[in-house]
Amino acid sequence: MTVGLHAAPAARPGGRWRRWRRARPFTAGLLVTLGGIEMLVTLRAPLGVLLHVGPQGLAAYLVPAILVLCGALLVATPQQRVFYALLSLLLGLVSWLTSNLGGFVIGMLLALVGGALAFAWTPDKQRAGSAPPVTAPPPPAPREPADDPTEVVPLDRG
């Protein structure tokens, strides 16, 4: 075996997936989506105690469906994360009244935690492939004084 030649390091499995996932609020979107799905599942639960009639019955299906959509859009379009995060937080709170105590509290908590994570998430500029920040050039070095006091030194006007 030669000492000077080394094999290139093997790429980690899932490297592209990891970069894609870290470039967006993936965990937040997943939690919001799971919260909406959990609320939809509890609406279909075969419990005789649950009753949905009239406008509240429509809202009981509409709020979790919009939460699932918000979770998917958080992952798909991270540029609009603030809007979807605030909508998820608002709908998570509204689900307490419309969707069986927010999917028996579990779905509501998932939506609220996911919305908070999405609101707090910020993209990493270095990983996103953007150029490094532009820095100002260093100031010019100070000039040394002239040895002869009679010598005229021009002033910099630039």
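**First selection: helix α1**

Select residues 15-22, which form helix α1; W17 and W20 both lie in this helix, three residues apart, about one turn of the helix. Helices here are DSSP runs of H or I with at least four residues, strands are runs of E with at least two, and both are numbered from the N terminus. This is a predicted model, in which local features need pLDDT of at least 70 and side-chain atom pairs count only at pLDDT 80 or more, while totals for chains, interfaces and linings use all residues. Residues are numbered from 1 along each chain as its sequence is written, and side-chain values use heavy atoms, with hydrogens and water left out.

Display the side chains of W17, W20 and F26, which ring pairs link into a cluster. Rings of Phe, Tyr and Trp (its six-membered ring) pair if their centres lie within 6.5 Å; planes under 30 degrees apart count as stacked, over 60 as edge-to-face and the rest as tilted. In the whole structure, a search finds four aromatic pairs. In one of them, the ring centres of W17 and W20 are 5.3 Å apart and the planes stand at 25 degrees, so this pair is stacked.

How much of each residue is accessible? W17 has a relative accessible area of 46% and W20 one of 35%, so each is partly exposed, a class between buried (under 20%) and exposed (over 50%), with a 1.4 Å probe and protein chains only. Turning from W20 to F26, the ring centres lie 6.2 Å apart with planes at 65 degrees, so the pair is edge-to-face. F26 is also partly exposed, at 22% relative accessible area.

Is T98 buried or exposed? T98 counts as buried because its relative accessibility is 13%. Its side chain makes a polar contact with the side chain of S99, at 3.4 Å. Such a contact is a pair of N or O atoms within 3.5 Å; within protein, one must be able to donate a hydrogen and the other to accept it, and residues adjacent in sequence count only if both atoms are side-chain atoms.

**Final view: the whole chain**

Of its 158 residues, 27% are buried.
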